[in-house]
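Student: I would like to learn how to read a protein model step by step. Could we go through one together?

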Amino acid sequence: MAYFKVMPDKLSTDRTLERGDLRENRAGMRRRDLLLAAGVSLLLTRNAFARPAEPQRLVLKNTHTGETFAGPYRDATGPLPSAVSDLAVFLRDFHADKTGPVDLAMLDFLADVMAATNQSHATVLSAYRTKATNEMLAATTFGVAEHSQHIVGRAIDVTFDRDLAGVEKTALAMRRGGVGWYPSSHFIHLDSGPTRSWELDGSGFDRLLIGGSLNGPPHGILTVRQRMARLQALARRDKLLRK
């Protein structure tokens, strides 16, 4: 008895691949519909569903609320609705207790940076901000841009237990968006906006404790050193806001 191995022709193979793509697209659309039904605004890029087969995972802790997120947030089909819903709450503006949009590209940027630098977890300092919160922070904190990517849910400020300088170098090399480096305050800003970078070393300027807020007159008579610090802070803020 002879045995024959049947090889699929190119047409049947292409049709099989097309059916697989169609199933993935339908699954992705169903997931997006579930998120919309849950009231979650998900920001997607063109390649949002073109990811490796292995699930993408994040382990995060919010330093302000003490809340945590641990687990996968997407797979090859796309974002996982329940995880994205949890992340929308986790990354909310805790000042106003309001959730905002969740940007998948920003999450992917963070996850890829963490994987490349062997970081098991990250501590989140700031993510989504309402306009009111951003204005409040801009009035009291040096380095907060008026039109921040945080307002549209595309930015996150994080810190790690080790090798923060290595994280910054790795993120810059990826050229996936904005990378801000705050060595004195020990955190990294990542966003999925235009590719750019900046560094604010602090030297007492990133928290404006000298002479009050930059948006108003100084409180009391400043020393020469304080006046110089204030002028440098103003110059750095203007440079940052032009980015």
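Predicted model: local features only at pLDDT ≥ 70, side-chain atom pairs only at ≥ 80, totals over all residues.

Student: In what order do the eight strands of the open sheet run?

Tutor: The order is β4-β3-β2-β6-β7-β9-β8-β10, and the pairing is mixed. Strands β4 (78-79) and β10 (196-199) stand at the edges with a single partner strand each, so one side of each has no neighbour in the sheet. Within the sheet, β8 (residues 178-182) and β9 (residues 187-191) pair in the antiparallel sense over five bridges, and the bridge partner of G180 is H189 in β9.

Student: Which helices lie across these strands?

Tutor: Helix α2 (residues 81-90) lies across β2, β3, β4 and β6, at about 140° to β3, while helix α5 (residues 164-174) lies across β7, β8, β9 and β10, at about 160° to β8.

Student: How should I read a helix such as α3, and is it largely enclosed or open?

Tutor: In general, an α-helix has 3.6 residues a turn, so residues three or four places apart point the same way. Helix α3 (residues 104-116) reaches 18 Å from its first C-alpha to its last, close to the 18 Å expected. Eleven of its 13 residues are buried, so α3 is largely enclosed by the rest of the structure; among them are L104, F109 and M114.

Student: Is T130 buried or exposed?

Tutor: Buried means under 20% relative accessible area, and T130, at 11%, is therefore buried. T130 is found in the loop between β6 and α4, where the T130 side chain makes a polar contact with the side chain of T133 (3.1 Å). Leaving out residues up to four places away in sequence, T130 touches D93, A96 and K98.

Terms used: Residues numbered from 1 in each chain as written. Heavy atoms only, no water. Helix = DSSP H or I, 4+ residues; strand = E, 2+ residues; numbered from the N terminus. Buried < 20%, exposed > 50% of the residue type's maximum accessible area, 1.4 Å probe, protein only. Polar contact = N/O pair within 3.5 Å; in protein donor to acceptor, adjacent residues only side chain to side chain. Contact = heavy atoms within 4.5 Å. Expected span 1.5 Å × (residues − 1). Pairing = 2+ DSSP bridges. Axes fitted to C-alpha atoms, helices over the stretch in contact; angles between N-to-C directions.
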